[in-house]
Amino acid sequence: MTDIAVLGAGMHPWGKWGRSFVSYGTAAARAALADAGLDWPDVESVVGADTVRGGYPGYVAGATFAQALGWQGARVTSVYAACASGAQAIGTARAQILAGLADVVLVVGADAAPKGFFAPAGGDRPDDPDWLRFRVLGATNPAYFALYARRRMALYGDTPEDFAQVKVKNAAAGALNPLARYRKPVTAAEVAASAVVADPLRLLDICATSDGGAALVLSSMDFARRHGRPDPVRIRAVSTVTPTYPKAVLDLPDLATDSAAAVSPAPYTFRASIARAAYEEAGLGPRDLSLAEVYDLSTALELEWYEDIGLCGQGEGAKLVRDGVTALGGRVPVNASGGLASFGEAVPAQAIAQVCELTWQLRGTAGDRQVPGARAGITANQGLFGHGSAVVAVR
């Protein structure tokens, strides 16, 4: 058995607060410790998801948070995997627990994001594909998201109205989440009336950049039982797989696909393989899910994730939204937290925040956005440079 226990989950509310990422991370850590009923000296290891500046790793987060909380001798690790950093941090913590190196591990991620959309760090880096796609192609994140949206429109007949319904759904959930940055319902007409950023995507189709933090206190199952938690939320799988050659679908920040002239493409796209590996490890499948938290950088991208995590076949994502399947009250709510549409990006905290939401849902403590009878959930997101990210949690 490779389960570990989630003893505590905590977040700093997301927004634009104008403070250091350290303050958000330490606030989230203290909230997670309080939730776990543990004190900071009880923590034997700290794993920090590195803070990012425009896609470039900026701070060694593990030691930074350990120092801010007060040096107490804990083992420390820092992890960088762009938007997958949080899941990599959770995976590192799990490995330490299962290896017997620590009984209690604190996982923290936080960021103070720049205003506007992310841009590359300064300087010339012609060997960096992220720098190249910004500087040579002019492929900013919104432009890239728009190309994916256009691809869905051409292949599957998706419409801007379908994309708008994703925002409407997520905004309705976010309005019920006290930790979300945007807590106001949105109509499809308001999405359609917002400014065009990169056709066909409008301002309300694309997530913002935010300040925020998230933290988890993880432990061995034995420790949880000894401390009065016989039936905690458990992390059953962590997938951090990389792509398989040849890649036949263009993926950020790569500028081209691999040639499939002599070798057939893999049976699953990269994103689909991320979830598949998590399911295989957990011994679960899409039909077992009560809910999912996915990486909605844009409304169109959320539809891709429905297909990638196996909720439907290729090209069928928009139908799930139209039928209300992924809304609160639907068969498999997706982004019951409100998603990035309601939070915005605080890059190293994102994957951790997703697991916080699963934890609260599986405990039955998510308040007005509670998914009734939640027993299993999956998170999914993707970091630059082939970093996969999926976590399966169960109760």
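Student: In this predicted model, which residue forms a salt bridge with Arg 152?
Tutor: The closest N and O atoms of the pair are 3.3 Å apart. The two partners sit in distant parts of the chain, with Arg 152 in helix α5 (residues 141–156) and its partner in helix α10 (residues 299–308), 152 residues apart. Both are buried. The partner of Arg 152 is Glu 304.

Student: Is Asp 162, which forms a salt bridge with Arg 322, buried or exposed?
Tutor: The closest N and O atoms of Arg 322 and Asp 162 are 2.9 Å apart. The pair links helix α11 (residues 317–322), which holds Arg 322, to helix α6 (residues 160–174), which holds Asp 162. Arg 322 counts as exposed because its relative accessibility is 52%. Asp 162 has a relative accessibility of 7%, under the 20% cut-off, so Asp 162 counts as buried.

Student: What is the relative accessible area of Arg 369?
Tutor: Arg 369 lies in the loop between α13 and β12, while Glu 357 is in helix α13 (residues 350–363). The two form a salt bridge, with closest N and O atoms 2.9 Å apart. Glu 357 is buried at 2%. Arg 369 is buried too, and its relative accessible area is 5%.

Student: Which are the edge strands of the open sheet of 9 strands?
Tutor: The sheet has mixed pairing and the order β5-β2-β6-β9-β1-β10-β13-β12-β11. An edge strand pairs on one side only. The edge strands are therefore the two at the ends of that order, namely β5 (75–79) and β11 (291–294).

Student: Why is strand β13 said to be largely enclosed by the rest of the structure?
Tutor: Strand β13 (residues 387–394) pairs in the antiparallel sense with β10 (residues 233–239) over 5 bridges. β13 also pairs in the antiparallel sense with β12, over 8 bridges. The strand counts as largely enclosed because of how many of its residues are buried: 7 of the 8.

Student: Which residue in β13 is the bridge partner of Ala 380?
Tutor: Ala 380 belongs to β12, where Ala 380 is also the bridge partner of Val 294. The hairpin of β12 and β13 has 3 residues between the strands, and Phe 385 takes a positive phi near 65° there. In β13, the partner of Ala 380 is Ala 390.

Student: What accessible area do Phe 117, Val 197 and Leu 203 have together?
Tutor: Leu 203 is found in the loop between β8 (201–202) and β9 (211–219). Leu 203 counts as partly exposed because its relative accessibility is 44%. With Phe 117 and Val 197, Leu 203 forms a nonpolar patch on the surface, whose accessible area is about 240 Å².

Note on methods
Residues are numbered from 1 along each chain as its sequence is written. This is a predicted model: local features need pLDDT of at least 70, side-chain atom pairs count only at pLDDT 80 or more; totals for chains, interfaces and linings use all residues. Side-chain values use heavy atoms; hydrogens and water are left out. Helices (H or I, at least four residues) and strands (E, at least two) are DSSP runs, numbered from the N terminus. Patches are made of residues with over 30% relative accessible area and no salt bridge: like charges are joined within 9 Å, nonpolar side chains (Val, Leu, Ile, Met, Phe, Trp, Tyr) within 5 Å. Accessible areas come from the Shrake-Rupley method with a 1.4 Å probe; for residues, only the protein chains shown count as cover. A salt bridge is a side-chain nitrogen of Lys or Arg within 4 Å of a carboxyl oxygen of Asp or Glu. Buried means under 20% relative accessible area, exposed over 50%, partly exposed in between (1.4 Å probe, protein chains only).
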